[in-house]
Amino acid sequence: MLYHVRMDVRLPAEMDPSSRADLIAREKAYSQRLQREGKWPHLWRIAGEYANFSVFDVADHDELHALLSGLPLFPYLALEVTPLATHPSKVVS
Ligand SMILES: O=C(O)CC1=CCC(=O)O1
């Protein structure tokens with residue numbers, strides 16, 4: 001199943017720089033592992049915002065929830081999840 005996810009990153013301004021850098025490095029490693037596994041096929045920066053649009057390709061809601069709640073940044077993310085269905089006008093090649 002495909003899911004569109006908007007992630008808004010809300011790191012506290014008072015977070016110390018080394019904790020912030022460590023968190024971001026762990027987030028990058030986690031996301032790149034999922035990208036390589038094919039579970040996170042799209043990751044786009046929303047221009048001008050500390051936010052991204054992502055597409056996840058997972059078995060079901062439970063797997064999506066497990067992956068999202070495992071994000072190192074999860075406590076600092078506002079997430080908006082949209083399940084995607086096949087559009088009837090899509091050309092199938
Ligand atoms: O910076 C972001 O948009 C949050 C994020 C998701 C994956 C990643 O590496 O950073």
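Guide: The account below begins with the model as a whole and then turns to the ligand. This is a predicted model, in which local features need pLDDT of at least 70 and side-chain atom pairs count only at pLDDT 80 or more, while totals for chains, interfaces and linings use all residues. Residues are numbered from 1 along each chain as its sequence is written.

The protein has two helices and four strands, taken as DSSP runs numbered from the N terminus (helices: H or I, at least four residues; strands: E, at least two). From the N terminus on, these elements follow the order β-α-β-β-α-β. For residues 1-89, UniProt lists "domain: Muconolactone isomerase" in an unreviewed entry; such annotations may be inferred rather than shown by experiment.

The residues surrounding the ligand are Met-7, Val-9, Glu-27, Lys-28, Ser-31, Asn-52 and Leu-73, a residue being near a molecule if its C-beta atom, placed from the backbone, lies within 6 Å of it. Two elements, strand S1 (2-9) and helix H1 (17-36), each give two or more residues to this shell. The largest share, three residues, comes from H1.

Helix H1 has 20 residues and reaches 28 Å from its first C-alpha to its last, close to the 28 Å expected at 1.5 Å a residue; the expected span is 1.5 Å times one less than the number of residues. The number of buried residues among the 20 of H1 is zero, so this helix lies largely in the open. A residue is buried if 20 or more other C-beta atoms lie within 10 Å of its own, exposed if 12 or fewer, and partly exposed in between. After H1 comes Gly-38, whose phi is positive, near 85°.

Met-7, one of the residues around the ligand, also belongs to the largest nonpolar core, made up of seven residues: Val-5, Met-7, Trp-40, Phe-56, Leu-64, Leu-67 and Leu-77. Such a core is a set of buried Ala, Val, Leu, Ile, Met, Phe, Trp, Tyr and Cys residues joined through C-beta atoms within 7 Å. S1 and helix H2 (61-69) each give two or more residues to this core.
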